[in-house]
Amino acid sequence: MFIRVLSSVTQNHGDQNAPEVRHAIPHRADRRYMWSASALWVILAATPSPVDPSIARPAGGGQVFQSLALFITGEPYMKKIAVVLAVMSLSACSTFTPPRYSISADTNVALKSIGIGNINVGPFTGPATFDRACRGAGPIAPPDNMSFEAYIQKALADELKVAGLFDDKTPKITLTGSLETLSFSSSRGLTGGQWDIGLRLKSSNGKSLFVSEHYEFESGFIADTACKQTAEAYFPAVQNVIGKAIRNPDFKALLAQSQ
C-alpha cells in the first residue's frame, strides 16, 4: 500500500495546462515502476533500523500499522523515503519521439504541378522559446537527434526530392526557413492535444512566405499515453504546414530566379 502511494508521486511542468494527477500504479506492467518498488524493498531490507522489514509486509493485524508508523516517523526511514523518491523520479522519465517524416501524396502532386526544379534547402532556425517537456513525464524529441526545426527542414527537402525538384549541387534557388512559433499541449480539454507551428520560408531571391498550422488530436488522460500521442502528432502537423506552404499561391514566387 505504501509503495502504491509512493508510485503516484509526479512532477507537473513544461506542458501547457497539464492536469495535476497521474496514475498511481500504471494500467500495464511498467517495468520502471516495478523497479522503483523493488528499490524501496531493497533499501528497507538493507538499512539497520528498529523495525524488522518482514513485519511491514501485508500480514494484517496491528503489527502492520505499528511498523508503518515507525517507518514514517523514524529518522532513518525519512532518509530512505527521500532516496526512493529520487530514484523513482529518474526511473519514471521517458523520451517521446515523433515518427520519421514520410511524403504526403497531395503535397507531391502540388509540387509536380509547379514545374520548376533545381531547388536546394538550406538551414532552418528554431523559435525563440520552446519547452519540450510533457507533463513531467519526459521530453518530446524528434528522431535521429534532430531538432524540431531540422525535422521540418528535412521534411521539405524530402518532398522536393520525391517530386524530382531537389538539387543541392547546382541549385537555382535555395529555400531556408525559420520557426517563428512552436508550441504544444497534451491536455486541451483535458483529453485532447494540439500543436501550433508558425513557419516562414525565405528564398535566395529575397522573397518570403509565412504559413501556420493549428493541429488538434486526441491525447488521453494518462500522462505517458498523452505524451506519446502528442509526439506522434508532430508528424501530421508538419505534413500539414509543409502542404500549406507549397499550395500557397505565393510559393511559386519563392522559386523565381532573380533578374
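These legends describe close-up views of aromatic rings in a predicted model.

**View 1. Phenylalanine 130 pairs with phenylalanine 148.** This is one of 11 aromatic pairs in the structure. Phenylalanine 130 belongs to the loop between β1 (119-125) and β2 (133-134). Phenylalanine 148 belongs to helix α6 (residues 148-162). The pair therefore ties together parts that lie 18 residues apart in sequence. Phenylalanine 130 is partly exposed, at 27% relative accessible area. Phenylalanine 148 is buried, at 6% relative accessibility.

**View 2. Phenylalanine 148 also pairs with tyrosine 234.** The ring centres lie 5.2 Å apart. The planes stand at 80 degrees, so this pair is edge-to-face. Planes over 60 degrees apart count as edge-to-face. Phenylalanine 148 sits in helix α6, and tyrosine 234 sits in helix α7 (residues 223-247). The pair links distant parts of the chain, 86 residues apart. Both residues of this pair, phenylalanine 148 and tyrosine 234, are buried.

**View 3. Ring pairs build a cluster.** Among its members are Phe130, Phe148 and Tyr234.

**View 4. A lysine charge sits over a phenylalanine ring.** The residues are lysine 161 and phenylalanine 166. The charged end of lysine 161 is 5.1 Å from the centre of the phenylalanine 166 ring.

Conventions. Residues are numbered from 1 along each chain as its sequence is written. This is a predicted model: local features need pLDDT of at least 70, side-chain atom pairs count only at pLDDT 80 or more; totals for chains, interfaces and linings use all residues. Side-chain values use heavy atoms; hydrogens and water are left out. Rings of Phe, Tyr and Trp (its six-membered ring) pair if their centres lie within 6.5 Å; planes under 30 degrees apart count as stacked, over 60 as edge-to-face and the rest as tilted. Helices (H or I, at least four residues) and strands (E, at least two) are DSSP runs, numbered from the N terminus. Buried means under 20% relative accessible area, exposed over 50%, partly exposed in between (1.4 Å probe, protein chains only). A charge sits over a ring if NZ of Lys or CZ of Arg is within 6 Å of the ring centre and within 35 degrees of the ring normal.
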